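Let's take a friendly walk through this structure, one region at a time. Please have the viewer open as you read.

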Amino acid sequence: MWDTLGTVRDLGRLQEIAAVLVKYGFGDLVRRIGLADVMERAGRLLHLRGSEQHARLSSAQRVRLALEALGPSFIKLGQVLATRVDLFTPEWIAEFSRLQSNVPALPWAEIEGPLVHALGHPLEEAFARVEQRPLAAGSLAQAHRGWLHDGTAVVLKVRRPGIGEVVEADLRLLARLADIVEARVPDLARFHLPEVVSQFATSLRRELDFVAECRSAERMAKNFAGYPQLKIPQVYWQWTRSSLAVQEFIDGIAGNDYLALEAAGLDRHQLAQAGARIVLKMVLEDGFFHADPHQGNLFFLRDGRIALIDFGMVGRLSEQRRGEVALLLHGLAQQRPAQVSEVLLEWAGGLEVDEPALLQDIAVLVDNYRGLALKDLRVGSMLNDVTVLLRHYGLTLPPDLALMVKTFLTLDGVGRQLDPDFDMTAAATPFLKRAIGRRYRPEALWRRGSEHADNWWDLGTSFPRDARQILQSVRRGRLQLRIETRAMDRFGEQVQRAANRLVVGVITAALVVGSSIVMHSVGAHSSAWLLSLGVAGFVGAALCGVWIVLSIWRSARH
């Protein structure tokens, strides 16, 4: 696999990654995954000593700094990791949440060309004016304010030139690195890096497609068509492309500008409650939610409405998932550890776990909420307790649920900053009751029963055919059982290397013995070629011996 990586296209970026990891004190990881050897084979040396100024920082801080140094793709990776509260402790989540995509803006001369190319015609045909100074700049795009010919203010979000190629190269490397790290560094296997990188790749490619982002914005606007408290920017499709999004300009107060809120006379308590209802409707009723509702994507309009922008990261929850969330919270409230355990195991996807111990720990957990009504529970605290339990048992959430939990926790934090007395549970209570009620409505029960009936019918009708095919395979001797495990592949590689050393050792011994016999038989009248043959045998034996020593030494390093 590393030989595949050793291409002219990837080696430069690999060296940058390795150098940054070493700088921030992860030289041992570079060595363990074989990255140092790749560089050596390519003629590029690495000094595996980290910077002393970073030695006093925590591991979480050093990882965050390394991600920042590695550029846009890795910053976005850190932002995705910030959603995995089931994998990382609060210390790590806090560091990942500090990662921001703010980077120096590109000069207008570098942006104008890609902008005109995306439009397909001069700017003057679409816009009366476009400000050359950007409103904001991120790692993937930057935004400029403009005006249509009818005077409407818009925002032009332009993808940075060449960023697609950079992202694809980084995703290719990340996927390979994740597989190798999981195979070679067992300590990190619990983080399920290949799954995380796969989720990240899907999310990042979606963020690069502004058409998909605008479709998400329109879907959200449709879901809230009768909900006047939320404002979604209008999309101007005639000018929108995959690398260019043109949307309505939102003239509001930034979500973290509390002084401006006070000056505008807005009620922070009402804003917190309205924001909670909006997010709860997205998650528990629509199953389609803004997965990054931080304060940079949130604006407060002076008429008391809330505006959301940037729908590059969205989450989706099926009806079944929404019902499971409601059952989980209901089980916590009603002291039903078996119900909570069943939901968590369903989310874990069949991973092996000590179920009796898990049930016991859940019983202790729900006992903390004994005697509390649903309206008195703190949803944020409960979800945090559940994620701690998941981490303890090495269980992971599916990506959609990880986004949901992170969204709830972010909502709880933003709400409390707006209003210290913010109670998300009180806002969530009616939504949870409706979600549970929908799950047990007659039509919902009938639909689920019909789905299971169809499955049983399909199984029954296909069983005779499947059984006949299995019996025919047995009679013909074609029935095969294939088991593939990475651990066995690793073991096979080790056995193969050991066998190679053994064969070379036997050849070395044979060369020594044969050459000794030849040299012993050399006399005064022996031909020169016989002497040369004996010397060549000893040289070959020496080279084989050196190869064996180096092979053993390299294995010891790993």
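**A walk through the model**

Leaving aside neighbours within four places in sequence, Val504 is in contact with Cys544, Trp547 and Ile548. Keep in mind as you look that this is a predicted model. Val504 itself sits in helix H22, which covers residues 486–520. Is Val504 buried or exposed? Its relative accessibility is 18%, and because buried means under 20%, Val504 counts as buried.

Now zoom out to the whole protein. Its secondary structure comes to 23 helices and eleven strands. The protein has 558 residues, and buried residues make up 45% of them. If you take the contacts with a separation of 6 or more, residues 24 or more positions apart account for 69% of them.

Which residues touch the most other members of the largest nonpolar core? They are Phe300, Leu344 and Met404, in a core of 112 residues. Helix H14, residues 268–286, supplies the largest share of this core, with ten residues. The core also draws at least three residues from each of two domains: domain 1 (8–103 + 166–202) and domain 2 (255–440). To see one of these residues in its setting, pick Met404: apart from neighbours within four places in sequence, Met404 is in contact with Val283, Phe289, Leu317 and Val325. A second core is separate and has 18 residues, among them Phe127, Leu156, Leu244 and Val246.

Finally, turn to a pair of helices. Two packed helices are described by the angle between their axes and the distance between the axes. Helix H6 (residues 72–81) packs against helix H10 (residues 163–184) at an angle of about 60 degrees, and the two axes are 9 Å apart. That angle makes H6 oblique to H10. On the H6 side, the contact is made by Pro72, Ser73, Phe74 and Leu77. H10 contributes Ile163, Val166, Val167, Asp170 and Leu174. What is the make-up of this contact in nonpolar, polar and charged residues? Seven of its residues are nonpolar, one is polar and one is charged.

Terms used: Residues are numbered from 1 along each chain as its sequence is written. This is a predicted model: local features need pLDDT of at least 70, side-chain atom pairs count only at pLDDT 80 or more; totals for chains, interfaces and linings use all residues. Side-chain values use heavy atoms; hydrogens and water are left out. Axes are lines fitted to C-alpha atoms, for helices over the stretch in contact, and angles run from 0 to 180 degrees between N-to-C directions. Helices (H or I, at least four residues) and strands (E, at least two) are DSSP runs, numbered from the N terminus. Angles under 35 degrees count as roughly parallel, over 145 as roughly antiparallel, 65 to 115 as roughly perpendicular and the rest as oblique. Contact means heavy atoms within 4.5 Å. Ala, Val, Leu, Ile, Met, Phe, Trp, Tyr, Cys and Pro count as nonpolar, Asp, Glu, Lys and Arg as charged, and the others, Gly among them, as polar. A nonpolar core is a set of buried Ala, Val, Leu, Ile, Met, Phe, Trp, Tyr and Cys residues joined through side-chain atoms within 4.5 Å. Buried means under 20% relative accessible area, exposed over 50%, partly exposed in between (1.4 Å probe, protein chains only). Domain bounds come from an automatic or database domain assignment.
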